[in-house]
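This report goes through a structure from its strands to its ligand shell and one of its helices. The sequence and structure come first.

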Amino acid sequence: MAQQQITLLPFLYPFLLCRPWPYSAKQLALKPAIVLRRWQGSISSPSRNEAVSAPEVAPSTSRLNPPPWDYSRFIFQDKCTVTVVAGSGGHGCVSFLREKYIEEGPANGGDGGSGGSIYIQAVDGLASLHKLARRRVIRAGRGKNGQGKSQGGKRGDDILIQVPVGTVVREVGRFDPVEEDERWLRSLMSEMGKQEALNIASSRRHRWVFPPGAQPSEFLQTALPRLPPPRRPSLSALEPEAPIHLDLSEPMSQPLLLAAGAVGGYGNPRFISRSIGRPRFATRGEGGMTLELEFELKLLADVGLVGFPNAGKSTLLRSLTNSRTRVGAWEFTTLSPNIGTVVVDNLKGRPLVSSKEKTPRTHFTIADIPGLVEDAHLDRGLGLGFLRHIERAEILAFVVDLGAENAVQTISSLWNEIGQYDRLRNMETSLEENLGYVTWSPFDNSGARLHDCQDTNKESSIANSSDTGKMHYKRRPLPPLELPPISMKPWLVIATKADLPESKENFLAVRDYLSDIESGVLDHPSGNHLGWKKRIYVIPVSAIRGEGIDVIPSLVMGLLEDR
Ligand SMILES: Nc1nc2c(ncn2[C@@H]2O[C@H](COP(=O)(O)OP(=O)(O)OP(=O)(O)O)[C@@H](O)[C@H]2O)c(=O)[nH]1
Ligand SMILES: [Mg+2]
């Protein structure tokens, strides 16, 4: 019987490969080894010496085999530094009641409005930080100035920054004018005594507002009262502790406050006293806080496709998702990650794949990552940038080309690169901890002026001409994010191009190799003896024909749940 099958094989081969994948949803929960035995049984492999007729050529242009120019660009950015500025407060108003028969009415200037605040929220449905990176500086609205007839100024507009789930936000630097003012006042008090310091603080021209058209001499001639101490908005109690470090790993139902808008200045009625009946001055609003924040994606996608260039990763992504990533028969067709979403929902709110979780997933994301080359850990090819993306996937799917010479060798080389990278990263992290710039205070000495500082890597000190004296701004690079070693991540192998001749032998070798790793006969290929080897699936597919790929979602969902 087997003999008959083998002799018939040249004719059966194209037919067998074109038929639909024969596994039911129930079977998908089985171990792939069983699934693969079925595959093996139904398609008998050609013997080594046997000539196999050329496989049926897939239609030259289809969604899965598109011409190289048929693609849409996925703009991707996983890291950016943005300066956010909370809104300054509006100024208080100098105004007096004027009515018929009341020539010199009482003061009725309104207070300035408070500035807009900056909020952040992690939301589903975003995959990249490129929109944020384009902004560079994000400013909340300034509070409007107070007006006559005791009208307070309008609040400034708030800003909501939406980021993908899995974003880490870290503070690079901050400049808080209120804190600066307090610091300056404290140092003045310690130098000259309280009374003298408060007199100097109150005589600062730029803190006061005079009516339009007032002569400069008016400032000198006016007996000014004590300036109110620097004020913070009550909302600032909700700000995260400095330096900011947020790990937004869950979708947020409500935004989180990053920087509260500054308070507005006092209108002139606030300064009525026994000695000053008609104050011709008001105060300015406080300045808004400036934060320089680094946004970094800790989680790129649920699954990362890892493979050598030209292995068929992009074609696989196209076959699993609606992605229109570029496919080409040359190496490095993909130069930056592409992310696609696999929907496992039948659009009636029930997931198609059975799940143990209370609120089962209805989708997961896959990242097609640029091809890896040997010595990538030494920054060859697309090098370290590429490995950084691998680090940010929850599960790794190794895409190996069954048409290439030795698929087992491919897997072990890929893991070797990843293992080397893991080791390098470990060394780097311990070095940084020794250097001691893991913890730092945004103000090491006497404070900072953020907007004057350009160089990101060097400490900078700058002279400030304002009356707050000379200020130093220290800025240090942030350490890399702490991520678990890649070798500890669950992984599976997707053996693609199964439609090519002699792919079967290659596949069987891969299957044996993986079952040896799983059973402990062989070490984890990364060299890390703690590497993940619980259940290593191997799935033969022909992505270009869309065959075998419907097994992948259920297996991936299982791995994601078991993590
Ligand atoms: N026969 C066959 N060819 C395939 C299959 N999958 C992909 N290819 C072909 O392999 C070539 C490379 O495919 P890509 O999907 O661009 O490979 P890649 O891994 O994304 O390549 P890089 O982006 O350079 O890393 C293309 O010519 C595809 O048509 C398959 O299942 N069978
Ligand atoms: Mg590609």
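In which sense do E5 and strand E10 pair, and over how many bridges? E5 and E10 (residues 290–297) pair in the antiparallel sense, over 8 bridges. Strands (E, at least two residues) and helices (H or I, at least four) are DSSP runs numbered from the N terminus, and two strands pair if DSSP finds at least two bridges between them.

The model is predicted: local features need pLDDT of at least 70 and side-chain atom pairs count only at pLDDT 80 or more, whereas totals for chains, interfaces and linings use all residues. Residues are numbered from 1 along each chain as its sequence is written, and chains are lettered from A and ligands numbered from 1 in the order in which they are written.

**Strand E5**

E5 also runs antiparallel to strand E7, to which 4 bridges join it. Val 168 has a bridge partner in E7 and stands opposite a residue of E10. The table lists these pairings.

A residue is buried if 20 or more other C-beta atoms lie within 10 Å of its own, exposed if 12 or fewer, and partly exposed in between, with C-beta atoms placed from the backbone. Strand E5 (residues 167–175) is largely enclosed by the rest of the structure, because 7 of its 9 residues are buried.

**Domains**

The domain assignment, automatic or from a database, gives domain 1 (30–44 + 60–74 + 300–431 + 487–562) and domain 2 (79–298). Their C-alpha centres lie 51 Å apart.

**Ligand 1**

The shell around ligand 1 holds 25 residues (C-beta atom within 6 Å). Those that come nearest are Gly 312, Ser 314, Ala 329, Thr 334 and Gly 371. Helix H8 (residues 313–320) gives the largest share of the shell, 3 residues. By class, the shell has 9 nonpolar, 12 polar and 4 charged residues; Ala, Val, Leu, Ile, Met, Phe, Trp, Tyr, Cys and Pro count as nonpolar, Asp, Glu, Lys and Arg as charged, and the others, Gly among them, as polar.

**Helix H12**

In H12, 8 of the 11 residues are buried, including Ile 552, Val 556 and Leu 559. Leu 559 belongs to this helix (residues 552–562) and is buried because 24 other C-beta atoms lie within 10 Å. Leaving out residues up to four places away in sequence, Leu 559 touches Ile 395, Pro 490 and Leu 492 (contact: C-beta atoms within 7 Å). Leu 559 and Pro 490 are 69 residues apart in sequence, with 7.0 Å from C-alpha to C-alpha.

Technical notes
Two residues are in contact if their C-beta atoms, placed from the backbone, lie within 7 Å.
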